[in-house]
Amino acid sequence: MDKDSIFNTKDGFQPLIKKAKKKSLMKTIIVSTIVTISTLIVLGIIFIIMYLQMQHSMSEYFSVKMEQSEVYGANIHYDKSTKSDSIDSAINQDQYVKDIGGIPYTWYNEQTWFKIYDSPTSIYDSSITRSKSSDSQQFYRNGQRVVNFYIPGGKKVEDDRMLLQSLAPSNIVEIAISFKEEMNADQILKHFPTAQWAWVQNPDADISIIPGYVIGEYAYGFTITSPEKGAVSLAKDVKNFETGLSNLSRQEEKDTYVEPLIKTIQHNGTVQVSGIIITGKVKDLLPLIEQDSVNYVSVGVIMPY
């Protein structure tokens, strides 16, 4: 074979071939690097967008929960929160309490898990359960009684007056009083000067598991912050309640139950109260349930003393 054959491993084409291979390898490396970096940038942008969406979802969720805690749940108050974050999720735990004679009583904890790739998920550390009796309207949470309200105008039914009378006079108790007819704010202070929470009833807005009754957990109303300060303070509470309902109706994750309640208030021209929550010693509560305006009494949390 001729010495100058192109197949000769020692001919002059080998440096060119090696150079071409080297350029091809460098080009492959550069292209691969650019593709990898571009992919990482795109994935990073997508992650940032999803993370910001999760943060927005958290903000909206907390805004609704805070507004809702002011207008929803009989004598149930937001207490505190704890939060833990990870790269793709966040867990928030809210604690809710009841005010029982001035004593904060832990009612339940709500844990909400936020994820960048899914909608929020809430878990409660306890749930309300119904009494084993099939015809009973009594529910429980953590072994304590859950108060009920009875819609005004209903027929006379058996309530918890006898239970309240059977308790030790020094026991501190939560009771829900439902009126025969709705009252305005001034009438509440006149008849029940120590009322702590007011139930604003609406058949279209309340979640009634048992016909005629509204479980306190699902009742709309407002906290009477300083009953000892009289009508001026109560008027502020009513105004804050109306503002809270209005805010909830405009939220992106709005509470759909508030709209019929707002319409009822607008139709009535004022907030009408159908019942109240009062707590204190049994001996101080017994005289209150004897008033003519009282139609139904429900005993809630009982703290023996």
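Buried here means under 20% relative accessible area, exposed means over 50%, and partly exposed is in between, with a 1.4 Å probe and protein chains only. By that cut-off Arg145 is buried, because its relative accessible area is 14%.

A word on the source. This is a predicted model, in which local features need pLDDT of at least 70 and side-chain atom pairs count only at pLDDT 80 or more, while totals for chains, interfaces and linings use all residues. Residues are numbered from 1 along each chain as its sequence is written, and side-chain values use heavy atoms, with hydrogens and water left out.

I'll stay with Arg145 and go through the salt bridges. The term stands for a side-chain nitrogen of Lys or Arg within 4 Å of a carboxyl oxygen of Asp or Glu. There are 4 salt bridges in the structure. One of them joins Arg145 to Asp160, at 2.8 Å from N to O. This pair links distant parts of the chain, 15 residues apart: Arg145 belongs to strand β7 (residues 144-146), and Asp160 lies in the loop between β8 (148-150) and α2 (161-166). Helices (H or I, at least four residues) and strands (E, at least two) are DSSP runs, numbered from the N terminus. Asp160 also counts as buried, since its relative accessibility is 13%.

Asp159 counts as buried because its relative accessible area is 15%. Arg161 is at 18%, so it is buried as well.

Then Lys98. Which residue does Lys98 form a salt bridge with? The partner is Glu174, with 2.9 Å between the closest N and O atoms. Lys98 is in strand β2 (residues 89-100) and Glu174 in strand β9 (residues 172-183), so to speak distant parts of the chain, 76 residues apart. Both residues, Lys98 and Glu174, are buried.

Lys98 has a second contact: its charged end sits over the ring of Trp107, 4.5 Å from the ring centre. To count, NZ of Lys or CZ of Arg must be within 6 Å of the ring centre and within 35 degrees of the ring normal. Lys115 is placed over the ring of Trp113 in this way, with its charged end 4.2 Å from the centre.

On to the aromatic pairs. A pair of aromatic rings is described by the distance of the centres and the angle of the planes. Rings of Phe, Tyr and Trp (its six-membered ring) pair if their centres lie within 6.5 Å; planes under 30 degrees apart are stacked, over 60 edge-to-face, and the rest tilted. The structure holds 12 aromatic pairs. Among them is the stacked pair of Tyr96 and Tyr108, at 5.0 Å centre to centre and 25 degrees between the planes. Tyr96 is in strand β2 and Tyr108 in strand β3 (residues 103-115), 12 residues apart. Both tyrosines, Tyr96 and Tyr108, are buried. Phe149 and Trp199 are stacked too, at 4.6 Å and 20 degrees. Here the link runs from strand β8 to strand β10 (residues 197-199), across 50 residues. Phe149 counts as buried because its relative accessibility is 0%, and Trp199 is buried at 0%. Ring pairs also join Tyr78, Tyr96, Tyr108 and Tyr124 into a cluster.

Last, Ile30, which is in helix α1 (residues 14-71). Ile30 is partly exposed, because its relative accessible area is 46%.
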